[in-house]
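Subject: The structure I promised you

Hi there,

Here is the structure I said I would send over. Could you open it alongside this email and follow along as you read?

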Amino acid sequence: MIREGLDGLVCDLDGVVYRGSDPIPGSVGALARLAAEGLRIVFATNNSESTVDQYLAKLGGLGIEVEEQQIVTSGVVLAEVLAQRGVAGQKALVVGGEGMVEALEGLGVSILRDPSSTKADLVVVGLDVSFDYQMLTRASIAVREGATLLASNADASYPVSGALWPGSGSILAAIEVASGRTAEVMGKPHRPMMEAVAKRLDGASRIAIVGDRPDTDLAGGVAMGWATILVLSGVTSPEEVSGLIPPPDLVLGSLAELVDA
Ligand SMILES: [Mg+2]
């Protein structure tokens with residue numbers, strides 16, 4: 001009985017609660033039941049495209065009542081880490097969307113927009129659909145000249161209408177190879193996001209993480225000593241389960257099954 005004594009749940013979003021804009025059948029009701037039974041839930045996503053407010057609106061639209069503190073994105077973690085370091089006044093070259101630019105500007109970082117300049121203190125990488133050779137060149141030169149390389153997440157791909165599209169990890173890999181340096185990555189399974197989530201569950205005595213990706217969700221849980229629950233409603237197929245090392249503590253068809261697990 002995995003739920004025995006469980007008082008904290010870290011829940012991935014895409015592939016667990018919804019796929020794109022469609023809720024995964026049973027997930028909304030299951031979250032309401034688990035919360036009503038006293039489980040503290042934090043939603044953790046490596047996606048840094050949307051803001052916390054946008055997630056609040058999206059989850060609210062599905063009928064899931066959540067508070068701001070319950071949502072942790074890799075963009076939120078990036079902002080928390082940079083705020084702790086005191087980056088006001090620094091210059092950043094951003095490979096990412098407007099959300100990332102806004103978050104950095106909110107910390108007093110100035111964004112390097114001149115395409116001929118590579119004089120940056122930080123190179124910050126997320127998903128950027130307009131990423132091209134010129135940006136790869138600027139980012140790798142900036143890093144070689146001493147800029148700190150940071151990334152919101154290193155997910156190789158993400159699912160779009162039945163296909164896998166290159167994720168920010170694919171862009172990051174190009175910059176790492178070109179610059180000869182390895183980035184500090186914020187998202188699951190890396191330490192910054194795992195610790196940001198643990199902080200929000202402070203005081204919980206037994207925590208489980210539920211996700212659809214072994215290399216991010218489950219690996220992050222293992223690193224924290226949490227119970228791991230794999231759901232097959234996302235990117236992992238039933239055929240892949242037997243090859244997973246270490247094996248998840250529990251494998252479910254979907255989140256709905258956790259209510260009775
Ligand atoms: Mg997922």
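First, some ground rules. This is a predicted model, in which local features need pLDDT of at least 70 and side-chain atom pairs count only at pLDDT 80 or more, while totals for chains, interfaces and linings use all residues. Residues are numbered from 1 along each chain as its sequence is written, and side-chain values use heavy atoms, with hydrogens and water left out.

The metal site

The magnesium ion has three protein donors to look at: Asp 12 (OD), Asp 14 (O) and Asp 212 (OD), which lie 2.0 to 2.2 Å from it. Donors here are N, O and S atoms within 2.8 Å of the metal (3.2 Å for Na, K and Ca), and since water is not among the atoms, sites may look incomplete. Along the sequence, the spacing of the donor residues reads D-x1-D-x197-D. Asp 12 counts as buried because its relative accessibility is 6%, whereas Asp 14, at 31%, counts as partly exposed. (Buried means under 20% relative accessible area, exposed over 50%, and partly exposed in between, with a 1.4 Å probe and protein chains only.)

Two helix pairs

Helices (H or I, at least four residues) and strands (E, at least two) are DSSP runs, numbered from the N terminus. Axes are lines fitted to C-alpha atoms, for helices over the stretch in contact, and angles run from 0 to 180 degrees between N-to-C directions.

Helix H5 (residues 133-144) packs on helix H6 (residues 168-179) at about 50 degrees, and their axes are 9 Å apart. That angle makes H5 oblique to H6; the scheme is under 35 degrees for roughly parallel, over 145 for roughly antiparallel, 65 to 115 for roughly perpendicular, and oblique for the rest. On the H5 side, the contact (heavy atoms within 4.5 Å) is made by Leu 136, Ala 139, Ser 140, Val 143 and Arg 144, and on the H6 side by Ala 174, Ile 175, Ala 178 and Ser 179. By class, these residues are 6 nonpolar, 2 polar and 1 charged. Here Ala, Val, Leu, Ile, Met, Phe, Trp, Tyr, Cys and Pro count as nonpolar, Asp, Glu, Lys and Arg as charged, and the others, Gly among them, as polar.

Helix H3 (residues 74-85) and helix H7 (residues 191-200) pack at about 90 degrees, with axes 10 Å apart, so H3 and H7 are roughly perpendicular to each other. Ser 74, Val 76, Val 77, Glu 80 and Val 81 of H3 meet Pro 192, Met 193, Ala 196, Lys 199 and Arg 200 of H7. This contact has 6 nonpolar, 1 polar and 3 charged residues.

Cis peptide bonds

Most peptide bonds are trans. Lys 188 and Pro 189, however, are joined by a cis bond with omega about 5 degrees, and Pro 189 sits in the loop between strand E12 (184-185) and H7. Another cis bond joins Ile 245 and Pro 246, with omega about -5 degrees; Pro 246 is in the loop between strand E14 (227-231) and strand E15 (250-252).

Ser 130, in the loop between strand E8 (122-125) and H5, is exposed, with a relative accessible area of 55%. Leu 252, in strand E15, is buried at 7%. Beyond its neighbours within four places in sequence, Leu 252 is in contact with residues including Ile 229, Val 231 and Leu 258.

Best wishes
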